[in-house]
Amino acid sequence: QGHPSVKLLGIADEKEMVRTIADAFVDDPMMRWFASLPESLPNQEVSMFSLISWITRGMNRKMLKQKTGAVFGVLEGTKLAGAMSVIPSSQEPVGKVGLMTYAIFGGGCPPYEITKKNYGKYTAARVDSIDIHRVKRIEHMKPYPGHIYLQQVGVRREYQGKGVGGKLFQMLFAAADSLQVPVYLEADSEENESLYHHYGFKTVETIILEADEDPSADAKFKMWLMTRLPKC
């Protein structure tokens, strides 16, 4: 059973959910790698918020309608402090094609196409590189036809270190253990890998994201693929 402050979010919560994830991910290593912001760019946080918000809406809109998964949030008073989106093995997460479809049918052009000067030359190609996540998830979860994919989890900076993430994980792991299914995720830093080890995850592979024809010094980005097997 989950904590009473954890609730299922719906499409009416989209704006607040997106704001929460954008605040949580503004310094996220993978999002920073995607953005590749020019060092001379003023107000970099604004460009980061725009990018993260667009990606987060694209990834979670159908889930907020409970069509392809579910999104949960933790309330601190009346404020959304953290959010988590999870996808059952019967559904597919949004990838390169899904984000393209989202852009065409309501999501609008991504910010790196509207204000190109605010982002790196290879931002679009770097975002597209996440398609390897789908390939690897299928490969590693093949022995587990029933599983849960932890797509996104984030806590607003002002609430980090206060147990908000733990409340979300408590609910997720209770469900996974009850169903006797593993949980799968991708971590984007050694710090996050270590955190997930604390929660019982094991690293099954490290991979490199890279954009086609990107000659940048930081063209390659390391990620950790992790699974948590259910407890009896």
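Buried means under 20% relative accessible area, exposed means over 50%, and partly exposed lies in between (1.4 Å probe, protein chains only). Keep that in mind for this tour of a predicted model, where local features need pLDDT of at least 70, side-chain atom pairs count only at pLDDT 80 or more, and totals for chains, interfaces and linings use all residues. Residues are numbered from 1 along each chain as its sequence is written, and side-chain values use heavy atoms, with hydrogens and water left out.

**First stop: R156.** Select R156, which is buried, with a relative accessible area of 10%. Helices (H or I, at least four residues) and strands (E, at least two) are DSSP runs, numbered from the N terminus.

**Next: R19.** Its side chain meets that of E16 in a salt bridge of 3.8 Å, N to O. Both residues lie in helix α1 (residues 14-25), three residues apart, about one turn of the helix. R19 is partly exposed at 45% relative accessibility, and E16 is partly exposed at 28%. Show E16, R19 and R156 together to see a network of salt bridges.

**Last stop: E92 and R137.** Here the side chains meet in a salt bridge of 2.9 Å, N to O. E92 is in the loop between β3 (79-88) and α4 (96-107), and R137 is in helix α7 (residues 131-141), 45 residues apart. Is each one buried or partly exposed? E92 is partly exposed at 41%, whereas R137 is buried at 4%.

Key
Salt bridge = Lys/Arg side-chain N within 4 Å of Asp/Glu carboxyl O.
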